[in-house]
Amino acid sequence: DLEGSSEAMAEILQLRAAGVSIALDDFGTGYASLSYLKLLPLNKLKIDQSFVRDVLTDINDEAIVSTIIALGQSLDLAVIAEGVETAEQATLLERSGCHVYQGYHFGKPAPVGEWQQIIGEIRLKHKAH
């Protein structure tokens, strides 16, 4: 509980002052409550994958996702969608105003060296065009 921990808050503020971005992970589930939006010096809000998973087929998940995106935007927070597995999910999120995603649609977890190689190849392709 961060409300009672001034030490934790001081450390978070020091990290932010040092240029570290602070994200609230798994927003909408468990301990990631609305009160943290007031308490924490956040930069980013991550939509939990449990809402993204069925965003195309469950009207309630779509409503929750669009509400989280609007809330993040109104608080000037970057919004990240977790668990994006299909192009259709990414398209719906993009149309709703979420422009940052993570999930298997973009790639499976891999060692840092492998990702650095992939990113290097992408950069070379873009330079060639």
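A residue counts as partly exposed when its relative accessible area falls between the buried limit of under 20% and the exposed limit of over 50%. Keep that in mind for Asp26: its relative accessible area is 29%, so Asp26 is partly exposed. Before going further, remember that what you're looking at is a predicted model.

How far does the predictor trust it? The chain averages a pLDDT of 88, and 94% of the residues score at least 70. Going element by element, helix α5 (residues 87-96) comes out on top with a mean pLDDT of 96, while helix α2 (residues 35-39) has the lowest mean, at 81.

Now for the sheet. It's an open one, built from four strands with parallel pairing, and the order is simply β1-β2-β3-β4. At the edges sit β1 (23-27) and β4 (100-101), each of which pairs on one side only. Further in, strand β2 (residues 44-47) and strand β3 (residues 78-81) run parallel and are joined over four bridges.

Asp76 is another non-glycine residue with a positive phi, here about 60°. Where does Asp76 sit? Asp76 belongs to the loop between α4 and β3.

Last stop: the rings. A pair of aromatic rings is described by the distance of the centres and the angle of the planes. There is one aromatic pair in the structure, made by Tyr101 and Phe106, with 5.6 Å centre to centre and 5° between the planes. Pairing asks for centres within 6.5 Å and stacking for planes under 30 degrees apart, so this pair is stacked. As for Phe106, its relative accessibility is 42%, so Phe106 counts as partly exposed. Tyr101 also takes you back to the sheet, since edge strand β4 covers 100-101. One more ring is worth a look: Lys108 lies over the face of Tyr104, at 4.3 Å from the ring centre.

Notes
Residues are numbered from 1 along each chain as its sequence is written. This is a predicted model: local features need pLDDT of at least 70, side-chain atom pairs count only at pLDDT 80 or more; totals for chains, interfaces and linings use all residues. Side-chain values use heavy atoms; hydrogens and water are left out. Rings of Phe, Tyr and Trp (its six-membered ring) pair if their centres lie within 6.5 Å; planes under 30 degrees apart count as stacked, over 60 as edge-to-face and the rest as tilted. Buried means under 20% relative accessible area, exposed over 50%, partly exposed in between (1.4 Å probe, protein chains only). A charge sits over a ring if NZ of Lys or CZ of Arg is within 6 Å of the ring centre and within 35 degrees of the ring normal. Two strands pair if DSSP finds at least two bridges between them. Helices (H or I, at least four residues) and strands (E, at least two) are DSSP runs, numbered from the N terminus. pLDDT is the predictor's confidence in each residue, from 0 to 100.
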